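Me: I'd like a close look at one part of this model. Could you walk me through a single residue and its surroundings, then carry on to whatever else stands out?

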Amino acid sequence: MDIDLSALLQASDVMLLFAALGMGLLIGKIRLGGFQLGNTPGVLLAAIALGAWGFDLDAQTESLGFMLFIFCVGIEAGPNFFSNFLQDGARYISIAAIMVVTAVTVTNTVARLLDLDSGLAAGMLAGALTSTPTLVGAQDAVAQQMSHLTAEQRSLIVGQISVGYAMTYLVGLLGLLLILRYLPVVMRFDPREQAQKLARARGMNSERRRNVRTPILRAYEIGKTGESPVVGKSLREIGIYQRAGLIVERIKRDTELLEPDPELVLCAGDKVALVGYPSSHGKSDIDHSTEVYDPDLLEFRMDAVNVVVADPEMIGIPLTELELENRYGCLIDGVTRAQVELPVDRSLRLDRGDVLEVSGERNRLRKFAKKIGAIEHESDVSDLMTFSFFFVGGLLLGQFSLLFGELKVTLGNAGGLLLAGILMGFFRARNPMFGYIPQGAINVLKDLGLNIFMVSVGLAAGADILEALMESGLTVLLGGACIMLVPLTVGYLYGSLVLKMNPILLLGALTGAMTSTPALKTLNEMSDSAVPALGYAGTYTFANVFLTLGGASIIML
């Protein structure tokens, strides 16, 4: 039996799509020395190769990919989008806005100098900034703002957007990574030293990974072997957490269990249950040879949960004011904002939608969670009903238009879905039980949507990219390098000279403004710290919105 693989791929969009995904993801895993291309560039290259052989996808398949991606981006941005306007996030908003405005201006200038059409220019902007939201905004603007053109003309413009993106993507990605590697050398600062400096100034732990140690419970009898330095002192005077990092979980006096009130004075013969990491138990003033086994003190359940910040009164409160250890007897192991893990910084101010990984006794965890928000839903079941209604609502928002003379302005599918996703994420942060979707499910939908969209872009670009490279490849590549370099330079000068930001924190903010996750990983490795993630999370949320509008503006103007 003969199988014509080419005919099968031509006849089945599903087979073509997953063949491109499989090959692209395989290419993305290939490592040359210390360099790995990554999933998105790998899928793009595989799709370009298939497109050069004449393969293409149905338009509906392409649309589904970018719709899923942009909607999930909105859901992730929603918790912090509105609250950032009211807090210190103003400087991050300004960085993202300045970089996008500069990039759009440079793109228009390059397009005029090189006599490029708007489609190729928009693709260059998206590729040079490695920004998928820009690409989504540009392609959607063609469908929404150019309805007066024929379908063939619109298809040609979309193809040119894809070509521009494919030609400049690697220029933008590799150029950004090289700049991040050598800028500290040129500007004469050590990324590790700057990260440690900021960590010390803020009293934070700059380690890149979450604290994965398991707290343990031990019980000790006070004064069992003689006079103890803690007898006759209150828990506040002893300051056992401040000195040793241990939490007094409960106290037993004779047969009575006592709550660990800060003013409670310890007596000889008291039995004290202490919770802390193994190294902490060796630092306290209590004699460790007096360890005892008492079921009343030791038999209770320790849990680790994710607590979502939702209470409006907690927004803007620094972690240190929560008094998590002294007041609630809990330990904080990690903080996540906008899907970016942040270092545990005691001065870090809470934002709506932040997820705190907290460990402690079950009842105390519930008391703490009730104070600041709610325990994140542990179910694996997604609220697809809410997801679907907000998705449809986003498509409906995209249909509304405003007329300015002969110019019709609409949000389009991209803008409508992005706004709907932001609203859904915002409401989820206020009530974590509303529209619950496990983060793993959101990640799958976003990654699948992004890579389906990359397949469609690569297939559309493949047919024309060789011809474009022959005709104007060098000028387009140089133009893409300018579009990447100038906004990055302007953003760095603005952040360092005007905002006086710490250099490594500023570089994190710049990578967030370009929505470049590979660049953030590079910064984390260079600084051996999670400090860059603070800046990345600050600009990333707004950059997704601004870049979507930037891509559409190139087409519209």
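**A serine and its surroundings**

Reply: Ser94 is buried, because its relative accessible area is 18% and the cut-off for buried is under 20%. Keep in mind that this is a predicted model. Ser94 sits in helix α5, which runs over residues 90-114. Leaving aside residues up to four places away in sequence, Ser94 touches Tyr494 and Leu499. With Tyr494 there is also a polar contact between the side chains, at 3.0 Å. Then look at Thr539: it is 445 residues from Ser94 in sequence, yet the two C-alpha atoms are 8.7 Å apart in space.

Two packed helices are described by the angle between their axes and the distance between the axes. For α5 and α21 (residues 531-556), the angle is about 35° and the axes are 8 Å apart. Their crossing is right-handed. The residues of this contact divide into 13 nonpolar, seven polar and no charged. On the α5 side they include Ile93, Ala97, Val100 and Val104, and on the α21 side they include Gly538, Thr539, Phe542 and Phe546.

Next, helix α19. Just after α19, Thr515 has a positive phi of about 50°.

Now for some charges. Side chains of opposite charge can pair when their charged atoms come close. The whole structure has six salt bridges. One of them pairs Lys252 with Asp294, with 3.1 Å between the closest N and O atoms. Lys252 is in strand β4 and Asp294 is in the loop between α12 and α13, so this pair ties together parts that are 42 residues apart in sequence. Lys252 counts as buried at 12% relative accessibility, and Asp294 counts as buried at 5%.

Lys252 also forms a salt bridge with Asp296, where the closest N and O atoms are 2.8 Å apart. Asp296 belongs to helix α13, so here the tie with β4 joins parts 44 residues apart in sequence. Asp296 is partly exposed, at 38% relative accessibility.

Asp294 has another partner, Lys271, in a salt bridge of 3.5 Å, N to O. Lys271 lies in strand β6, so this pair links parts 23 residues apart in sequence. Lys271 counts as partly exposed at 25% relative accessibility. Through shared partners, Lys252, Lys271, Asp294 and Asp296 are joined into one network of salt bridges.

Methods
Residues are numbered from 1 along each chain as its sequence is written. This is a predicted model: local features need pLDDT of at least 70, side-chain atom pairs count only at pLDDT 80 or more; totals for chains, interfaces and linings use all residues. Side-chain values use heavy atoms; hydrogens and water are left out. Helices (H or I, at least four residues) and strands (E, at least two) are DSSP runs, numbered from the N terminus. Buried means under 20% relative accessible area, exposed over 50%, partly exposed in between (1.4 Å probe, protein chains only). Contact means heavy atoms within 4.5 Å. A polar contact is a pair of N or O atoms within 3.5 Å; within protein, one must be able to donate a hydrogen and the other to accept it, and residues adjacent in sequence count only if both atoms are side-chain atoms. Axes are lines fitted to C-alpha atoms, for helices over the stretch in contact, and angles run from 0 to 180 degrees between N-to-C directions. A crossing is left-handed if the near helix is turned anticlockwise from the far one by less than a right angle, and right-handed if clockwise. Ala, Val, Leu, Ile, Met, Phe, Trp, Tyr, Cys and Pro count as nonpolar, Asp, Glu, Lys and Arg as charged, and the others, Gly among them, as polar. A salt bridge is a side-chain nitrogen of Lys or Arg within 4 Å of a carboxyl oxygen of Asp or Glu.
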